[in-house]
Amino acid sequence: MPRSHVHSAEAAPDGETLSALLRRYDTAGEAVSCEPLTQGLLNRGYRLATTRGWFFLKHHLDGDRTAIARQHRVTQRLEALGVPVAPPVPDADGRTVAVIGGRCYALHPWIDGRHRDGGELTAPQCWRLGGLLGLVHTCLERVMRARTGDRRPPVEAAANPEDTFAVIDELLTLIRGRRNRDSFDELAEHRLVERRTLVERHAHRRPEADAVPVAGWVHGDFHPLNLLYRDTEPAAIVDWDRLGVQPRAEEAVRAAAIFFVRPDGTLELTKVRSYARAYRCAAGAGTSEMAAAVHRVWWERLNDFWMLRWRYQRGDRRADPQFPAAAALVVWWTREYDAVRDAFCG
């Protein structure tokens, strides 16, 4: 069960912690081995072998037991509706969150599968991917409306260019002050200067406050590392930590921009078109909703520098490999804006 959103390799929980955890379960057995997993950026995950089989052990870094338990209940209900998920294993008392030493753990079944990016998907598989995300959104509406009513928190306003310019200036100062610059620093400086020009040129296209697509419950982080395939079919959608209310079509656009981006920063628009048509059919999303989502996500990408902020402000370089293609995509998307919009709406 390859994972996304786990921290860089961390020491596994010690034997005492594992024993305390597994004693809570009737059928988990005793620990044999526990191997850290290294893919992704958040949380920590481990491949746990016991005398009863294999499990995925997740350490939730945020430690919000109530929120974690809610996510677990949602995945249990989604599974009942036919959505491919991997709900946690309940302990002897029916609980799915174990707090040991002040840390929150959850035990999930191990899913044999692999991740696939858009370059590996055939046209029919792209169609099924879009339909799957549409199914997730419609099923979440059923599950969450039954639980909480139809409460809709406000959606964040589109980025303000003045704030963007301030971030660019701060990052450029940090880069230009480095003593031993490398090729990444040179690329980052080039892209920041380029981006400032693009934002200045397109500032008038900032999305209006009332131009927000339909909001709904979404996975919150739907991308290749959070979807496991068994052979050619999706086996499990994992990592529901960002479950929440957002413009639903924006999740569809963000996901496509990750699944279907090429190393040179262009999108495979033929695959995007198949995926988007299936999503619209499954979710009941109209072309105007998709067009608004495309515009807002484009603007979001144009004004976003989280990868560079991680590197230069936090000293965290784990996102560095993603930067070249992501930065190139913004430039290409701006130039090919109409073609991208048509692929999602056509």
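## The α6–α7 loop

E268 sits in the loop between α6 and α7 (helices are DSSP runs of H or I with at least four residues, strands are E runs of at least two, numbered from the N terminus). E268 is buried, at 16% relative accessible area (buried means under 20%, exposed over 50%, partly exposed in between, with a 1.4 Å probe and protein chains only). Leaving aside neighbours within four places in sequence, E268 is in contact with G118, G119, F260 and R262 (contact means heavy atoms within 4.5 Å).

This is a predicted model: local features need pLDDT of at least 70, side-chain atom pairs count only at pLDDT 80 or more, and totals for chains, interfaces and linings use all residues. Residues are numbered from 1 along each chain as its sequence is written, and side-chain values use heavy atoms, with hydrogens and water left out.

## Helices α6 and α7

Helix α6 (residues 248–259) and helix α7 (residues 269–283) have axes that come within 11 Å and cross at roughly 155°. Axes are lines fitted to C-alpha atoms, for helices over the stretch in contact, and angles run from 0 to 180 degrees between N-to-C directions. α6 and α7 are therefore roughly antiparallel to each other (angles over 145 degrees count as such).

α6 passes α7 in a right-handed crossing (the near helix is turned clockwise from the far one by less than a right angle). On α6, the contact is made by R248, A249, A252, A255 and A256. On α7, Y275, Y279 and A283 take part.

## H137 in α3

H137 belongs to helix α3 (residues 123–148). H137 counts as buried, at 2% relative accessibility. Its side chain makes a polar contact of 2.7 Å with the side chain of E251 (a pair of N or O atoms within 3.5 Å; within protein, one must be able to donate a hydrogen and the other to accept it, and residues adjacent in sequence count only if both atoms are side-chain atoms).

Not counting residues up to four places away in sequence, H137 touches W217, V218, R248, E251 and Y279.

## The sheet

5 strands form an open antiparallel sheet, ordered β1-β2-β3-β5-β4 (two strands pair if DSSP finds at least two bridges between them). β1 (31–36) and β4 (98–100) are at the edges with a single partner strand each, so one side of each has no neighbour in the sheet. The twist averages 30° from one strand to the next.

β4 pairs with β5 (residues 103–109) over 3 bridges. A98 has Y105 of β5 as its bridge partner. Helix α2 (residues 65–80) packs on the sheet and touches β3, β4 and β5. The direction of α2 makes about 10° with that of β5.

Terms used
Parallel < 35°, antiparallel > 145°, perpendicular 65-115°, else oblique.
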